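Reader: I would like to learn how to read this structure feature by feature. Please show it to me, and then we can start with a single residue.

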2 protein chains.
Amino acid sequence: MPKTLSGNAVVGQAGGPTAVINQSLVGIIQEAQKYSHIRNLLGARHGVRGIINEQFFDLKRQPENMLELVAATPAAALGATRDRPDKAYCERIFEVFRKHDVRYFFYIGGNDSALTAHIVNTVAKDNNYELRVIHVPKTIDNDLLVTDHCPGYGSAAKFVASAFIGDNLDNRALQGVKINILMGRDAGFLTAASILARQRPDDGPHLVYLPEVPFDIDQFVADVQAVYDRFGRCVIAVSEGIRDLEGTLWAEKVSVLRQGNLERDAFGNLQLGAGTGSMADYLAGSLRTRCKDIKRVRADTFGYLQRSFPGYYSEVDAWEARLVGQMAVNYSLDADRDGSVALVRLPSTTYSVGTKLVGLREVAPETEPKTKVLPMEYVNEARNNVTDNFREYAQPLVSDLPKTGWFEQIANLEML
Amino acid sequence: MPKTLSGNAVVGQAGGPTAVINQSLVGIIQEAQKYSHIRNLLGARHGVRGIINEQFFDLKRQPENMLELVAATPAAALGATRDRPDKAYCERIFEVFRKHDVRYFFYIGGNDSALTAHIVNTVAKDNNYELRVIHVPKTIDNDLLVTDHCPGYGSAAKFVASAFIGDNLDNRALQGVKINILMGRDAGFLTAASILARQRPDDGPHLVYLPEVPFDIDQFVADVQAVYDRFGRCVIAVSEGIRDLEGTLWAEKVSVLRQGNLERDAFGNLQLGAGTGSMADYLAGSLRTRCKDIKRVRADTFGYLQRSFPGYYSEVDAWEARLVGQMAVNYSLDADRDGSVALVRLPSTTYSVGTKLVGLREVAPETEPKTKVLPMEYVNEARNNVTDNFREYAQPLVSDLPKTGWFEQIANLEML
């Protein structure tokens, strides 16, 4: 067995925060304290940006109680970034790494971050600098390749499912049509999680519109009318990433009509938040104008609540997020192993997971598909709903949902 | 002491649901079971609409465990309504009341519901029909007259404060400008509750825009620029009810430009949800276009989550909502006492409340002001923020907020 590389380590967090990204961070910190090959553990403030600015937290000197509190806190405790290092940026990173004898780089993030990790790793190799780079997965979108599911998704899915439990009760109490716009740029996993809210046969969401299925406004109006005629109400889950038949984002389409300029990040990703409110209003307005006998229509955009509502997370997700962080350090003990930590669902009658280390390029490949989308086996024939078999995949990741009570029987007044 | 009137009772729930409106309902049910003057307790399905349709739940025959589960469930378990009974509607109500010997009417709702209760009461008196009408307060807006605060507000305020704790951490992790649109048509209490999220000196919300203060878009842009220049980020709370200098709602103003028709309920209240998404996008777009060096701007509308997120409520609020329901039955023991149950904050070093029964017309007066607004003593001089003295009023109603942890000290790299 080769000798374990010894030196300092840097850990960073990147991309949109999640409810459990700090669980992974604390997993890395606590595990690093157990081994001598990591001398100091430096937490880069705002990801790669903190490296080039030489701004680090000293993570080996954090009291245990504070670590546990940080672990239970949403959003990235180190600060995050959407920077994508170019050649010059990477030269600066290596200057800093060399200067401080950094030999391990743990980067917690999505596929963009896996790509960043890969670029840094490549430059390290080009410079003949011995460095271990381990990517720790994190997204609420659940769109990462290879891993069975992604830490962060279960908690966001729990928030969405819980929100729909409440919203469905609200809609039952004061009947009408309710549209909720959900996060998930290209993958419908989070939008699909809304169906976990269904308890009674007539519970919403009654309709689910995914980024994987072209969105037709005429069909939408007809779908809602049919549900409303049947139940006298309708609860609808709509992904912020729905596209028209030509592939144009509806948020962009509505925004171009109404809003003007939209924002893209350094990766060319459209900042969908920009137009979702207008899209929500547009969909609501279309129903109000075109449906029969439907007066009450309301639309909300849950937005960042889905990823950062404090104290609200899935126990399973929190545990797994901690595990992938711990395993990143564990894998770092084996010399010359770079990669991304993936979750593997084990063949078992009850839900259980393991991990494996996979190549960075498997998670951030050069060719399409670069991310995962919701498999069509979970979409109904009319392509306006998610089928109940999705529960088998998603329910174990979400843990327990809030219990609710209701009255069932109408009184027989003659009997009183 | 006059003889207690004996007969059946009807209870109904009206208006927008809250997280604890079922606490009041269960308070009424459990207390009614203790006294013999209420023979049967009928739960009207969808408020007054359930009365004229003779659709009732038999509430004396509900098992205790189910009652407790219903109490902890958001949204109106009986179903709610926004119907405002006219003369003909009231005739039907009395037909039903007479037919079933209904002598007590408990109506849980806001000021619209107090008015409904008053109208029903007036018609009863005109018809020489002996009836006790007791209104039980409920709003998330906290805009009811007389009562120190309103059951439902504390839980909605807790949701808003919690959401801002998370959103502020999110904004700290990935810096930019974040706008959150909050409920509260004419009263800024719920928007003001966002300031309970502040823990560190530079925590958001950094700016708070209330319905009580005219909203000037130029001033808004300047305010945000100033905060951004100072902190490199900005978290903003905006009421859905902000109006321009001429008194026009911004949601309407933006919607008229972009959207077309808006919806009003039977009380003439604008359904603000209709235009809030567009307003959110408009505000975000204005900052993106007009501010210097600000790229990341995002806006969300929390919407119904504020009133119906399951399992999320203030302990104090839940307790008080139960209490006002219990007291409604208690007050009904005294013959010829109609009214609305109000909360009174007792003079005490620690927070404690009592109740009193006040006239229906005090809560639903014929002349303005018909509702309460946020007192100006809680608004800063620049009128773009809520001052810390608001905590004294609001914090006890919200109970505990989620605890969060963070790293403080940047490492001295020379020392490692």
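Reader: Which residues does B:Ser113 touch, not counting residues up to four places away in sequence?

Author: Contact means heavy atoms within 4.5 Å. By that rule B:Ser113 touches B:Ala14, B:Tyr107 and B:His135. B:Ser113 has its place in helix H5 (residues 111-126) of chain B. Helices (H or I, at least four residues) and strands (E, at least two) are DSSP runs, numbered from the N terminus.

Reader: Is B:Ser113 buried or exposed?

Author: Buried means under 20% relative accessible area, exposed over 50%, and partly exposed in between, with a 1.4 Å probe and protein chains only. B:Ser113 counts as buried because its relative accessibility is 5%.

Reader: What kind of model are these values computed from?

Author: This is a predicted model, in which local features need pLDDT of at least 70 and side-chain atom pairs count only at pLDDT 80 or more, while totals for chains, interfaces and linings use all residues; side-chain values use heavy atoms, with hydrogens and water left out. Residues are numbered from 1 along each chain as its sequence is written, and chains are lettered from A and ligands numbered from 1 in the order in which they are written.

Reader: What is the mean pLDDT of chain A, and where does pLDDT stay under 50?

Author: pLDDT is the predictor's confidence in each residue, from 0 to 100. Where pLDDT is low, the predicted coordinates should not be read in detail. Chain A has a mean pLDDT of 91, and 94% of its residues reach 70 or more. Over residues 258-263 of chain A pLDDT stays under 50, and the model has 25 contacts beyond four places in sequence for them. For the complex, the predictor gives an ipTM of 0.94 and a pTM of 0.95.

Reader: What is the order of the strands in the open sheet of chain B?

Author: Strands of a sheet pair through backbone hydrogen bonds, either parallel or antiparallel. Two strands count as paired if DSSP finds at least two bridges between them. The open sheet has seven strands in the order S3-S2-S1-S4-S5-S10-S11 (chain B), with mixed pairing. Its edge strands are S3 (56-58) and S11 (353-358) of chain B, each pairing on one side only. Within chain B, strand S1 (residues 7-13) and strand S4 (residues 102-109) run parallel and are joined by six bridges. B:Ala9 stands opposite B:Tyr104 in S4(B).

Reader: Which residues of S9(A) point one way and which the other way?

Author: A:Val297, A:Ala299 and A:Thr301 point one way, A:Arg298 and A:Asp300 the other way, and all are buried. Strand S9 covers residues 297-301 of chain A. S9(A) pairs with strand S6 (residues 177-182) of chain A in the parallel sense over five bridges. A:Asn180 stands opposite A:Asp300 in S9(A).

Reader: How many disulfides does the structure hold?

Author: A disulfide is a covalent bond between the sulfur atoms of two cysteines. The cut-off used here is a pair of cysteine sulfur atoms within 2.5 Å. The structure holds zero disulfides over all chains. A:Cys291 is in no disulfide, and its nearest cysteine sulfur, that of A:Cys234, is 8.8 Å away. A:Cys291 counts as buried because its relative accessibility is 9%.

Reader: Which peptide bonds are cis, and which residue has a positive phi although it is not a glycine?

Author: Most residues other than glycine have a negative phi, and most peptide bonds are trans. One cis peptide bond runs from B:Gly204 to B:Pro205, with omega near 5°. B:Pro205 lies in the loop between helix H7 (189-192) and strand S7 (207-209) of chain B. Another cis peptide bond runs from B:Glu368 to B:Pro369, with omega near -5°. B:Ala75 is not a glycine but has a positive phi of about 70°. B:Ala75 counts as buried, because its relative accessibility is 3%.
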